[in-house]
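Please look through the sequence and the model below before reading on. The numbered points that follow are meant to be checked against them one at a time.

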Amino acid sequence: MNRITRTPVPMPAAQLPADAKHPLHTPAELVGNTPVLWIGEPFTAAGRGFWAKLEGHNPGGIKDRTALHMVHAARERGRLLPGARIIESTSGTLGLGLTLAGVSYGHPVTVVSDPGMEPLMTGLLTAYGAEVDLVTGPHAQGGWQAARRQRVEALLAAHPASWCPDQYNNPDNVAAYAPLARELVTQLGCVDTLVVSVGTGGHSAGIASVLRGVFPRLRVVGVDTTGSTIFGQPAGPRLMRGLGSSIYPRNVAYDLFDEVHWVAAPEAVWAARRLARDHYATGGWSVGAVALVARWLARTLPPEDRIVAVFPDGPQRYVGTVFDDAYCRRHQLLGRLPADHPDKIAHCGERTVSRWTRCTHITDPLAPGAHELTEAAR
């Protein structure tokens, strides 16, 4: 039998792609310079669409950026000593970033979460060397987030040399996203509308503040979940993780937002699944919610408006939730198509919303007089 021998032909250096990635020495170098993808029809109306910044191409997601930056800044200031333990509350994605920072800088990591964390995420964090500490019950007023933060305080007291990034209030969380904003300017040249999910407030404030400095007329659209208190709604049950809050993070830059949209879990699931089927680019709760809003904006804004939606992560951690039929049936998430347009309220505290709703009058719920204004609106 004749055997065919194939001799590889080396590609001349002149023919190598100019943007070929160089070999890397540390896992931290995998973070950043994520791609931007056009999302058009069939997900959007014919001739309309938006650009998606795919932060799921980072090793763990968008919060790899802030974890590395916060850890580096704390080490530089002497607040995080060599080899000291990092302890933080997270629903998952920041935990992955902190384990990456721990490996990169030589720190053990304890992640405090709750029973809602997906088993896949718990397994990944453990595989990467993190200790996962789960609280057993929600706080009476502040829900799971407040319970997790109380547990963090107890662990910090038990480990006096340890350090907590405090992602909800740490300004380094915001500063970490300036490179992402500059990447968008380089990749797209111009941004007219930015669509971002809001949780700790870090990436929305960090990206929007830099982009508005470059494009003063930038429209910033925040995306929250129903049941979240961030923009003045009352606290309620929240199935979605990664966006929303039952506390008031001080990193949220209320003055930067032109409008906010609340999205319910079934609506986010519909959008995330449609994205997967139509564009092979998707993610979980935050991505579905952001994509739903960006899809509507692409249909209603002038066609020349350049819309950018930030997709915080990919679909991997959601195979047992958003993309699992049995899970979605248990929580009545399937077969509930979102409306063509969001509902609208005049003030964020006007009434409790339970479906996709928007508001263009944004105030800080903790600002003086905000409570009285909310009560008057009701």
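1. How many of the five residues of strand 2 (residues 50-54) are buried? Four of them are, so strand 2 is largely enclosed by the rest of the structure; here "buried" stands for under 20% relative accessible area, "exposed" for over 50% and "partly exposed" for what lies in between, using a 1.4 Å probe and protein chains only. Strands are DSSP runs of E with at least two residues, helices are runs of H or I with at least four, and both are numbered from the N terminus.

2. Please keep in mind that this is a predicted model, in which local features need pLDDT of at least 70 and side-chain atom pairs count only at pLDDT 80 or more, whereas totals for chains, interfaces and linings use all residues. Residues are numbered from 1 along each chain as its sequence is written, and side-chain values use heavy atoms, with hydrogens and water left out.

3. Strand 2 pairs with strand 1 (residues 36-39) in the antiparallel sense over four bridges, where two strands count as paired if DSSP finds at least two bridges between them. In this pairing W38 has W51 as its bridge partner, and V36 stands opposite K53. Strand 2 also runs parallel to strand 9 (residues 307-311), to which four bridges join it, and there K53 stands opposite V310.

4. These strands belong to an open sheet of eight strands with mixed pairing, in the order 1-2-9-6-7-8-11-10. Strand 1 and strand 10 (343-344) stand at the edges with a single partner strand each, so one side of each is left without a neighbour in the sheet.

5. Helix 6 (residues 178-188) packs against helix 7 (residues 202-214) at an angle of about 50°, and their axes are 8 Å apart; the axes are lines fitted to C-alpha atoms over the stretch in contact, and angles run from 0 to 180 degrees between N-to-C directions. In the contact, A178, L180, A181, L184 and V185 of helix 6 meet G206, I207, V210 and L211 of helix 7, contact being heavy atoms within 4.5 Å.

6. A291 lies in helix 9 (residues 285-300) and is buried, with a relative accessible area of 0%. Leaving aside residues up to four places away in sequence, A291 touches F43, F50, L275 and F311. By contrast, the C-alpha atoms of A291 and A84, which are 207 residues apart along the chain, are separated by 39 Å.
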